[in-house]
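I opened this entry to record what I looked up about the contacts between the chains.

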Amino acid sequence: MPYTTGMDPKEPIPVSLFFTCLADAFSPGVCTATVEVLERFGAAVSVPLSQTCCGQPAFNSGNRKEARAMARKFLLSFPDDGYIVTPSGSCAAMVKHGYPVLFRDEPRTLTRARAVGERIFELSQFLVDVLGVTDPKSDFSGKVTYHDSCHLRRGLGVVSAPRKLLRAIPGVEFVEMEESDRCCGFGGVFSLKYPRISCKMTERKVERILATGASYVTSGDLGCLLSIGGLISRVGYPVKAIHLAEILVGKTGGLSSFAADAASVEPRPPGTVRWAGGR
Amino acid sequence: MGGRPLMELNANAFGRNSRKALLDKTLQEALGRTTGRFQAHRDAAVAAFPEFEATRERASRIKRDVLDHLDTYLARFIEEAEKRGAVVHVARGPGQAREIAARIARDEGVTLAVKSKSMASEEISFNEALQGAGVTVVESDLGEFIIQLAGEAPSHIIAPAVHKTREQISRLFERHLGEPRTDSIPELVAMARRHLRAKFLSAGMGVSGGNFLVADTGSVVIVTNEGNGRMGTVLPRVHLAVVGIEKVIPRLADLPTFLRLLPRSASGQTISSYVSIVTGARRAGDPEGPERTHILLLDCGRSAILEGKYREILKCVRCAACLNACPVYQSVGGHAYGWVYSGPIGAVLTPLLVGLPEAAALPDASTLCGACADVCPVKIPLPDFLLELRSDAREQGLKAPGEIAAMKGYAGVMKRAGLLEAIERIAGVLGQFFTKGKGIAGLPYPFSGWTERRDFPVPAARPFRKRWKIQRGVTR
Amino acid sequence: MSSPAATEGDLVARFTETFTAAGGVLLLGPVEAALADLGEILRAEGVAALFFPEDDAAAREIAEALVPFGPFHLTTGAEVRGGSAAVTAGFRSAEAAIAETGTIVETSAGGRTLLPGLIADVHVSIVRAASVVARMEEALAGFTADPPRNISFLSGPSKTADIEQTLTVGAHGPKKAIALLLA
């Protein structure tokens, strides 16, 4: 690590925000929450607005030509130094692990990609491991369970940082779900290619969430939360999906993508799903 | 005793077959019970074995060394095996393998063969080849025996009848063996034992697979819990082992490393009930043992894989830990994968052995969650290989034109932040107008699959990039 | 992984643990002390006939001493192999035992038979305490130069879980694996 950790408030730490196309378009509250939390702990956040997409959907579906085009633009969008922080485990993992694969035959781009990869962090990882945050100073309150998204947990090895932060919030009653690290079924393009398998996996995840009695399920990956949240919204389960950044900043309500005001959604009786798929 | 139908390749029907599997209540129950148990036992066994990671690393290195010098190790294996009286055959492809198998049966005058588990033999439709040579083939592995009676293909590498209930099995035994109906599992097992014991004692040939081939002694190692592998390699007068060439390990002293990993990874056992290390033919003075030992080594696409970027797939020891860990396999079972190998290993090995055009649906059948890589005892990078195969599919022109067009369109939009923002603004306005902020319940293809059972998020009225400009008064 | 050399007592204790965990039943010698328990177990399994290899003195001694505890009668491996329907117990002296895994080691070296552990309904292995080794490597050490046709590791009874994932013993091999541990 070329940078020293430190919380000297006189020296704001330079951070570029990688806000992700998904959050940009569907949950911009996640991005503003991320900025706020970073600034709360001494980061000077800049937002390069030429960024678009890291190229993950193209890479994951085997369309490397298009992925490379987006990756090149990504590499050009960020400065040569400073941290890059993103509220998405899968996007951070894409840059760190996917870019070296994409550019394995292009030495110069590969070098740049590797250098950027070393400076990129997911939000909770950055707060705990780099800034040394132990208390997010959030006024969020509620019973919360946490979903380990696959790329954050297995791709980046981030397991305890989100939990440390959640447990440190006085208003949060944290409860672990069973199979917290079992895939939720989103898988990006998988949810479009094999939607029924995807949904079955999401159902199992929602079952585990409901079994905890938590009012909120959170995660470091918006894709997972949209898949889980989408099922919750359709059926009307009494739990809300909310991004980790939003809990850290101190916000109630769920992902704004599904209901502007959670209280106004009429819950439908559980089990009234449209097809006869087995459980 | 009927034969098993040809292992038809049906991998590209994964979508259709997986949908059927999701609706099959019996299968869903069986899958939940089985994979859950295997996974829990495996995790407990690994937790109780502090040397697991070190052993995994060691096994991975040994297997890599083997792949780097496969021709040398194979040559040594053949030399040592033949020195001790075995007859070794090498088949380049499935057709040649079937011919050799049939010829052996005819030359040895075999009319009844009892078989223990061999995945490799399924690749070449071995049973059918032998039947063509006038040989009755009886599967002795209990799960294989059951599905042979049912005329089906196995649905899991180590638990082939995982999809069958005891009622279904009892009905099969009633119909084919004349046994009375029962719902007692020990009684069912006892029926199979009695019936198959008679076969073992009268069969002319015992056919086995091979978990490992030991190069420095010329031995074939067979790992079972039931004891059928032992019976088939000791009692009949001919033993035929059908084994892929990649199963070689360098030395007998390396065997314990793999024995520490295989049973734990497969079913959470410290060791399986039986490990048989058979070397050569019966020696003068041995009271039992086959008079003739044949070893049929299968290439069948393996040396081609060895040459390429997927060579590490040949480290596989067929433990099925990846199947048990895979949430997709757990949802749909093995038949949906349409060939011999299923789950994550199948999603990679099937396209490599039968050709990607025949199996391009399989590498897509994964969320790339990585659970398989976590449990693979020999550290095969399965998710990396799935990604690589998806890329190969694009390069080989196997992707739907619609997908490529969509990708090009998406990349085209992402080229220019200004264009992206414009589209987001429009989508946001339309979205908010039509849904008033609640989730979207119905979308056209390709999103229709999502909205069948889940709401789709509404695009935000203002994307973040616009908000940032407004909030911070920045323009770039 | 390396630790001070285990004593014979340690190895026997470990073997007892692992053999039992694998589903085996361990009886301690001397022979006279174990006969009553052994007889009871065999009766409970419905054993009618006992057999042993001709050239295995220890197996012969124990089987013959057990006859009145049934009562059982004596038969031969050849008869069992010929398809006799009696429920049998097969006796054999083990070449070695492995503490790590709870394994009995039998080989065809020296022209020895494997039938007792192969086709009997109950397998009784006679294990000398001094033959218990710590790990699998030790059990295999002597064989590389001139391996016999068959080296078998037997760890507990025959098992299957192929029906509804329910563990059942006695698929093809013995339903019960007994180790008689002698000094």
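Predicted model: local features only at pLDDT ≥ 70, side-chain atom pairs only at ≥ 80, totals over all residues.

**Entry 1. Chain B with chain A.** I looked up the extent of the contact and found 70 residues from chain B and 73 residues from chain A. The two chains bury about 6,200 Å² between them, and 58% of that area lies on carbon and sulfur atoms.

I checked charges next. Ten salt bridges are found across the interface of chain B and chain A. I looked at the one between the side chains of B:Arg394 and A:Glu66, with an N to O distance of 2.8 Å. The number of residue pairs in polar contact between chain B and chain A is 32, with both residues at pLDDT 80 or more.

For secondary structure, I listed the elements of chain B that give two or more residues to the side touching chain A; among them are helix H1 (14-23), helix H18 (382-395), helix H20 (417-435) and helix H22 (464-472). H22(B) gives the most, with seven residues. By class, I recorded 32 nonpolar, 15 polar and 23 charged residues on the side of chain B that touches chain A.

**Entry 2. Chain C with chain B.** Here the contact takes 54 residues from chain C and 68 residues from chain B. The buried area between them is about 4,900 Å², with 53% of it on carbon and sulfur atoms. C:Arg149, C:Glu164 and C:His172 supply 20% of the area that chain C buries against chain B, more than any other three residues.

I counted four salt bridges across the interface of chain C and chain B. One of them joins C:Glu100 to B:Arg260, where the closest N and O atoms are 2.5 Å apart. There are 35 residue pairs in polar contact between chain C and chain B, both residues at pLDDT 80 or more.

The elements of chain C that give two or more residues to this side include helix H4 (77-81), strand E6 (103-107) and strand E9 (150-154). E9(C) provides the largest share, five residues. I recorded 21 nonpolar, 20 polar and 13 charged residues on the side of chain C that touches chain B.

**Entry 3. Chain A overview.** I noted 13 helices and eight strands in chain A. Of its 279 residues, 61% are buried. Among contacts in chain A between residues at least 6 apart in sequence, 78% join residues at least 24 apart.

**Entry 4. B:Asn228.** Is B:Asn228 buried or exposed? B:Asn228 counts as buried because its relative accessibility is 2%, under the 20% cut-off. I placed B:Asn228 in helix H11 (residues 228-234) of chain B. Its side chain makes a polar contact of 3.1 Å with the side chain of B:Ser140. Leaving out residues up to four places away in sequence, B:Asn228 touches B:Ser116, B:Ser140, B:Asp141, B:Phe200 and C:His172. I had already listed C:His172 in Entry 3, among the three residues named for the area that chain C buries against chain B.

Notes: Residues numbered from 1 in each chain as written. Chains lettered and ligands numbered in written order. Heavy atoms only, no water. Contact = heavy atoms within 4.5 Å. Buried area = accessible area lost by both parts, 1.4 Å probe. Polar contact = N/O pair within 3.5 Å; in protein donor to acceptor, adjacent residues only side chain to side chain. Helix = DSSP H or I, 4+ residues; strand = E, 2+ residues; numbered from the N terminus. Nonpolar A, V, L, I, M, F, W, Y, C, P; charged D, E, K, R; others polar. Buried < 20%, exposed > 50% of the residue type's maximum accessible area, 1.4 Å probe, protein only.
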